[in-house]
Amino acid sequence: YYPKLVEKFSKTDTSMTLEEKRHLYYGFIHQKNYSPYTRSGFTDSLRVTLKKKNYSTKDLKNIVKYSDSLLIHNPLSLKAISYKIYAKKRLNDSIGHLKDYTKMRIITDAMLSSGDGHSKETAFYVISPTHEYSLLNLLGYKFGGKQSLTDHYDYLTLEENEYGIKGLYFDISASLNHMNSLFGKKD
């Protein structure tokens, strides 16, 4: 079942149902390459390119290349997908831009369907701590600078916003369970 969902995601199948999107996103925690806290060597290469003030065509192509390399290990990396969206838009690759935007929507639809983040009971359920910050940005909020962990909930404060929302809750059970399983194996 999961490989079929991955195939639909890879082909940016816009007919995916919300249930399929949720199974794809939350099912990733059961895959062998799920690792919410690891970094790839391509992250540093990408960071060097992103630090430039102006991007040449070669730089934009490198952003796509490094992001693709990151996505091999973590196909649900919102950061890598968003970098690709930016680079492909600047490269006037409208088809590639739309495909990556569709992938981003598949992932965010799953996360947004889990709650509204206003309380622990309605926390957004995320499978990676980086998804917390990506979701903030996608919702149009800016991180307020303070993060706190209580039980299995992250609370991120927000900068002043038009809705008067002080912060959002994220259920990070999947990430914590993964970390606990790693420590359990070392005993």
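Reader: Which residue lies over the face of Phe-9?

Author: A charge sits over a ring if NZ of Lys or CZ of Arg is within 6 Å of the ring centre and within 35 degrees of the ring normal. In this structure Lys-103 lies over the face of Phe-9, at 5.6 Å from the ring centre. The model is predicted, so local features need pLDDT of at least 70 and side-chain atom pairs pLDDT 80 or more, while totals for chains, interfaces and linings use all residues. Residues are numbered from 1 along each chain as its sequence is written, and side-chain values use heavy atoms, without hydrogens and water.

Reader: How many aromatic pairs does a search of the whole structure find?

Author: A pair of aromatic rings is described by the distance of the centres and the angle of the planes. Rings of Phe, Tyr and Trp (its six-membered ring) pair if their centres lie within 6.5 Å; planes under 30 degrees apart count as stacked, over 60 as edge-to-face and the rest as tilted. The search finds eight such pairs. One of them joins Tyr-25 and Tyr-26 edge-to-face, at 4.7 Å centre to centre and 75 degrees between the planes. Ring pairs also link Tyr-25, Tyr-26 and Tyr-125 into a cluster.

Reader: Is Tyr-25 buried or exposed?

Author: Buried means under 20% relative accessible area, exposed over 50%, and partly exposed in between (1.4 Å probe, protein chains only). Tyr-25 has 1% relative accessibility and therefore counts as buried. Tyr-26, with a relative accessible area of 14%, is buried.
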